[in-house]
Amino acid sequence: MTSVPTLEDLGDLTGKRVLCRVDFNVPLRTSADGTREIADDLRIRAALPTLRYLQQAGATVVACSHLGRPKGQVVAELNMDPVRARLEELLPGIEVLDNLRFNPGETGNDPAFVAELIGGIDAYVNDAFGASHRSHASIVGPPQHVPSAAGRLLEKEVEVLGGMRERTKKPFIAVLGGSKVSDKLGVIEALLKRCDKLIVGGGMCFTFLAAQGNQVGASLLEEDMIDTCRDLLERADGRIIVPHDLTAMGPGGKIGDPSAGGEVRQAGTSLPEGWMGLDIGPGTAAEFSDHILDARTVFWNGPMGVFEDPRFAAGTRTVAQAMADSRAFTVVGGGDSAAAVAEFGMAADFDHISTGGGASLELLEEGDLPGLEALRNSAH
Ligand code: ADP
Ligand code: MG
């Protein structure tokens with residue numbers, strides 16, 4: 001079982017100075033008067049239980065995070081001021097370090113930067129699940145020097161996603177979509193070992209459909225993955241389920257711009273030249289929903305279609321609704337799938353929405369992450 005030390009394991013924190021690696025990588029926008037502001041403070045609010053625990057335990061808390069991609073340089077627009085201000089409103093008295101990625105030592109895991117981070121620090125907490133698959137300084141460095149533990153968010157992620165590898169109620173159905181097979185090959189392999197059925201939609205279904213001999217028109221296709229998909233279909237022996245109908249857009253159409261023209265039509269699995277499959281069809285959405293309603297555990301990663309365009313959101317919405325209605329234990333991992341669930345207003349109907357896209361897939365695949373390993377091996 002993947003396990004990590006938790007906040008309680010840090011013991012008495014009275015008067016201690018605790019460094020807490022959080023995920024304050026919030027979406028920013030520029031307001032009318034030109035100042036940077038936070039478009040959505042969900043990630044800041046999500047960190048509060050851990051920060052509050054540390055404060056109430058008598059610690060002085062220093063929070064640190066990356067924000068955007070400044071690539072090792074100071075980028076004024078990516079400073080932490082808006083985050084600092086919002087946190088001060090929500091939970092006063094927490095120090096927030098500058099954007100970790102202003103320093104090239106963060107992604108480079110430079111010991112000198114680690115030394116800087118832990119100067120004057122007595123204990124370390126990691127609550128940044130979404131960064132825990134990276135061997136960055138703020139993730140793997142401090143645990144080598146000071147007693148360390150997982151915060152509440154990280155603890156929950158490890159419990160749920162670690163549990164998916166080890167003890168899942170059957171039938172266990174995995175639903176995969178999104179853009180590319182190649183991105184998700186590892187997780188497909190890992191899930192096939194455990195799930196009863198693996199449902200495939202989204203852009204990646206076309207490489208599977210092509211492997212079955214279908215014409216996929218102008219749909220997203222990874223030609224160099226066709227053989228791999230054929231092999232997966234054979235090995236899965238009927239457990240991989242692909243769409244039997246599609247919603248497609250004809251030549252001249254533009255994603256995200258209905259006024260550009262281009263016909264949108266329901267189709268089977270073979271598309272004429274120039275047509276692009278952009279969503280699973282209604283029959284497939286209904287079939288996928290039936291599988292989901294029969295399940296006792298569902299893991300979902302990757303939208304079923306280009307849900308950002310309302311013309312191609314129906315498949316993702318139908319499948320999400322089936323999960324919301326299902327009595328199964330339902331878990332969503334993946335940035336875009338989680339955004340879809342939030343947009344549909346169904347977040348409260350899911351059992352767990354992972355805060356880490358890449359990290360959740362890697363944890364399912366590997367059973368461990370560099371950041372978790374570091375906590376387990378931390379100094380005492
Ligand atoms: P997640 O972030 O949930 O892991 P991905 O990043 O793998 O998901 O994929 C999300 C993207 O896949 C979305 O932007 C969506 O528009 C795109 N997508 C879904 N279906 C298709 C399709 N049929 N053709 C092209 N892109 C697709
Ligand atoms: Mg994504």
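**Burial, helix packing and overall form**

Trainee: Why is Ile280 called buried?

Mentor: The relative accessible area of Ile280 is 2%. Buried means under 20%, exposed over 50% and partly exposed in between, with a 1.4 Å probe and protein chains only, so Ile280 qualifies as buried. This is a predicted model, in which local features need pLDDT of at least 70 and side-chain atom pairs count only at pLDDT 80 or more, while totals for chains, interfaces and linings use all residues. Side-chain values use heavy atoms, with hydrogens and water left out; residues are numbered from 1 along each chain as its sequence is written, and chains are lettered from A and ligands numbered from 1 in the order in which they are written.

Trainee: Where does Ile280 lie, and which residues does Ile280 touch?

Mentor: Ile280 belongs to strand 13 (residues 276-280); strands (E, at least two residues) and helices (H or I, at least four) are DSSP runs numbered from the N terminus. Beyond four places in sequence, its contacts (heavy atoms within 4.5 Å) include Gly201, Pro243, Leu246, Phe288, Met304 and Val319.

Trainee: What makes Thr6 buried?

Mentor: Thr6 has a relative accessible area of 15%, and therefore counts as buried under that cut-off.

Trainee: Why are helix 6 and helix 13 called oblique to each other?

Mentor: Helix 6 (residues 152-166) and helix 13 (residues 357-366) pack at about 40°, their axes 8 Å apart. Angles under 35 degrees count as roughly parallel, over 145 as roughly antiparallel, 65 to 115 as roughly perpendicular and the rest as oblique. The two helices are therefore oblique, and their crossing is right-handed.

Trainee: Which residues meet in helix 6 and helix 13?

Mentor: Glu157, Val158, Leu161, Gly162, Met164 and Arg165 in helix 6 meet Ser360, Leu363, Leu364, Glu365 and Glu366 in helix 13. They comprise 5 nonpolar, 2 polar and 4 charged residues (nonpolar: Ala, Val, Leu, Ile, Met, Phe, Trp, Tyr, Cys and Pro; charged: Asp, Glu, Lys and Arg; polar: the others, Gly among them).

Trainee: What makes the protein chain as compact as a globular protein of that length?

Mentor: The protein chain has 14 helices and 16 strands. Its radius of gyration, 22 Å, is close to the 21 Å that the globule rule gives for 380 residues, so the chain is as compact as a globular protein of that length. The radius is taken over C-alpha atoms, and the rule is 2.2 Å times the number of residues to the power 0.38. Of the 380 residues, 51% count as buried.

Note on methods
Axes fitted to C-alpha atoms, helices over the stretch in contact; angles between N-to-C directions. Left-handed = near helix turned anticlockwise from the far one by under 90°.
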